[in-house]
Amino acid sequence: MYGLLLQSAIEIIRAKYGQEIWEQIKNALHIETNSFSVFQQYGETLFMRVTKNLSEIRNEPVCDLMNIFGTEFVSYISNYGYDRVLRILGHNMRDFLNGLDNLHEYMRYTYPRMRPPSFYVEKESAHGLTLHYRSRRRGYVHYVIGQITEVGRRFYDTNVEIEIISEQDEIEISHVVLELKFENTAYVQHAIANKQSNDLNLAIDCYVFYELFPFHIILSDTLAIISAGDSLTQLFPHIIGELVRDIFTLVRPIVSLNLIEIVSHSNNVFEFASIEPLHRFLHENEAETHEKKNEDTSEMLLSVSTHREVHEEYLRLRGQMLYVEEWKSIIYLATPVLENLDAMFNTGLFINDLSMHDSSRDLVLAGTQQSAELKLALDQEKQKSKALEDSMKKLDVEMKRTDLLLYQMIPKKIADRLRGGEKAATLCETFESCTILFSDVVGFTTICSSLTPMEVVSVLNEMYTKFDKCLEIHNCFKVETIGDAYMLVSGVPERARNHAAEIIDMAFDMLDSIVTVTNPTNNEKLKIRIGCHSGPVVAGIAGIKMPRYCLFGDTVTTANKLEQTSKALHIHVTETTYQLLERKTYDVQERPKMAINGGLTVTTFFILNKKDRNGKVIQRPFQSILKEMKRQETEEAKLKQTNSLKGGLSRPSNSTKAQDNNVVPTTVPASEPPPPPAIAIKSDDTTAKVTKNATLESKNLDCQSLQTNETISELNNSAKIPSRPVRSKACAVL
């Protein structure tokens, strides 16, 4: 099957059902190309597979779709100029149908390997006719019905109603009988004209007849050859008396070779091919070898290839068959099919053998003169077609890249609506429930201070690439990234019931991924903190330059607040998100209530683990890092507690020494040497200042737990040892 039919079906699908439907069909049938070359051949079953797949997608009957394809095909071929061929087939609808079988004959030079169907007309009346349709392809009857109906409407202003009378599958052939109803006024006029012409009685001599038609054949009722033209008898000396089926094979039309079928197909072109080849000739290289034989037999034996390719030429005849009532015989008015002079030489014919009263001689000579130009033009067209096909393939690749890039910036659903012509303002939509996730790297500012800009970009790229790969298995949409902040949403723009679970599962995968990224300076593993919240949002496209799909609402602010108050390698969620999760699936830890959004107090939770169906905790890679981090925190807390206690016990001796030297002790950390003493010269009200504790501890790191902080604070308070008030001797004298 040529690509003309397939490409027409693609254009019809795109125009009528949209590009998205065609993409679904391509993916289902694994079609790599986005278009088909008009002059290239493809699989015979591809057209029907495309139609059946479209029927399943659209839930429409295959017969209706084939009718649509046939109707729209008539309009499609007008782009290639074939509508003019349809117009010149006849003056009216009757002439078109009678010459329908010859339509493909006019196109055989453009499509030499075409497998055309066969048509013939019978039972004509003033109200219509019966059309027989035979084809080697099955399932195309409604395609033909659509074509005939559209041709009658478009070119002949005739409304044609078609009904299937019978349909049967013969050996490799589908035979369908159609009844066509239309105003067949041309048949009435033709009948009247035939009646008037019967009054003429003109006789012709047989020798004149033989000279006019040198390739004619006269057949008896049994299809025995009674007479043949002079040129034909030169090629087949013993043809007289033989059955025509013993000498020739019928190429077209696709009918049985008998008297009834021949008479009923009198309006069709009959093409025969000889069963036996007329002449055998060698390839040019072999001819050269044959010439060497006379020079030196031994050299010939060495040079002759063991694989000899012999070309055979068969005679092909094409013409009309008519039943002559007076002769009680069938006359076949044929002419040989000769593409060029080479074909004539190979069959053993000469120009003089052809009839001088038709255009046979002119066609052969003109065809020879123009064959080089036509061949060159055909080669150029093939090259253009190949280049166009390659360009279309490259265009398909670039379109896929463009779509992939666009879908990474904007959700596919929204991008398709934008390409459909919708304005950005109409895409704004309210979502009643979704879940938003925020994450950032703990201590990112400190980490960046020790890295070069290129190293910072490399670390962020590695981290975000791993996060993006996790997105492929979760129903989440990446909203944006700002610095080390990563924002996701589930339930937008595609609504989902389990959006909270999707976000939590994605969060666990993010924690597993982040522990594989290290700080280039000290090879420490990076840590992130995550905050999630569920609620309503408004989503839409913001901006013209580099447009982004953005989310707006208190839900975004709350999720960001949860991330800021989270801890390293922890998933911090609100009670709203917690209520949307399955309680038996996740282990949670309740946190103290916190104030967000203007003082509103809410309960939050840490999502610690996820369980499988059997209730067993799923072990994840990041949990080992979390345990090690907690162990280090505990050791640091114990070390600080010990240092605080030692500092408190060493301060009284310093105070006593200061009292003996009449100096006021200053606040000095236990680990640092005391500054020089200062002499007190104040009045009785002046007293020595109370020795205070060591300098205040630095702010707790984000990765320390709340309970550890409280313990350290209590230990620091309990370690404070106040100094007694000391009065100098000068004060005592006064």
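1. A residue is called buried when its relative accessible area is under 20%, exposed when over 50%, and partly exposed in between, with a 1.4 Å probe and protein chains only. C63, at 32% relative accessibility, therefore counts as partly exposed. C532, by contrast, is buried, with a relative accessible area of 0%.

2. The model is a predicted one, in which local features need pLDDT of at least 70 and side-chain atom pairs count only at pLDDT 80 or more, while totals for chains, interfaces and linings use all residues. Residues are numbered from 1 along each chain as its sequence is written, and side-chain values use heavy atoms, with hydrogens and water left out.

3. A disulfide is a pair of cysteine sulfur atoms within 2.5 Å. How many disulfides does a search of the whole structure find? The search finds zero. For C532, the closest cysteine sulfur is that of C476, at 9.6 Å, which is too far for a bond.

4. Helices (H or I, at least four residues) and strands (E, at least two) are DSSP runs, numbered from the N terminus. Two strands pair if DSSP finds at least two bridges between them. Four strands form an open sheet in the order β1-β2-β4-β3, and their pairing is antiparallel. The edge strands, each pairing on one side only, are β1 (118-125) and β3 (161-170). On average, and with direction ignored, neighbouring strands of this sheet are turned by 15° against each other.

5. Within the sheet, β3 and β4 (residues 173-181) run antiparallel and are joined by nine bridges. E170 stands opposite I173 in β4.

6. Helix α7 (residues 141-155) lies across β1, β2 (128-135), β3 and β4, and runs at about 150° to β3. Contact here means heavy atoms within 4.5 Å. Axes are lines fitted to C-alpha atoms, for helices over the stretch in contact, and angles run from 0 to 180 degrees between N-to-C directions.

7. The 15 residues of α7 reach 21 Å from the first C-alpha to the last, close to the 21 Å expected at 1.5 Å a residue. The expected span of a helix is 1.5 Å times one less than its number of residues. Is α7 mostly covered or mostly uncovered? Helix α7 is mostly covered, as 11 of its 15 residues are buried; among them are V141, Y143, I145, I148 and F155. Just after α7, D157 takes a positive phi of about 50°.

8. Rings of Phe, Tyr and Trp (its six-membered ring) pair if their centres lie within 6.5 Å; planes under 30 degrees apart count as stacked, over 60 as edge-to-face and the rest as tilted. The structure holds 16 aromatic pairs. One of them joins F47 and Y143 edge-to-face, at 5.4 Å centre to centre with 80° between the planes. This pair links distant parts of the chain, since F47 is in helix α3 (residues 46-58) and Y143 in helix α7, 96 residues apart. F47 counts as buried at 2% relative accessibility, as does Y143 at 4%.

9. Y578 and F605 form a stacked pair, 4.3 Å centre to centre with 25° between the planes. Y578 belongs to helix α22 (residues 575-579) and F605 to strand β22 (residues 604-610), so that distant parts of the chain, 27 residues apart, are linked. Y578 counts as buried at 15% relative accessibility, and F605 is buried with a relative accessible area of 7%.

10. Which residues do ring pairs link into a cluster? The cluster consists of F47, F69, F73, Y140 and Y143.
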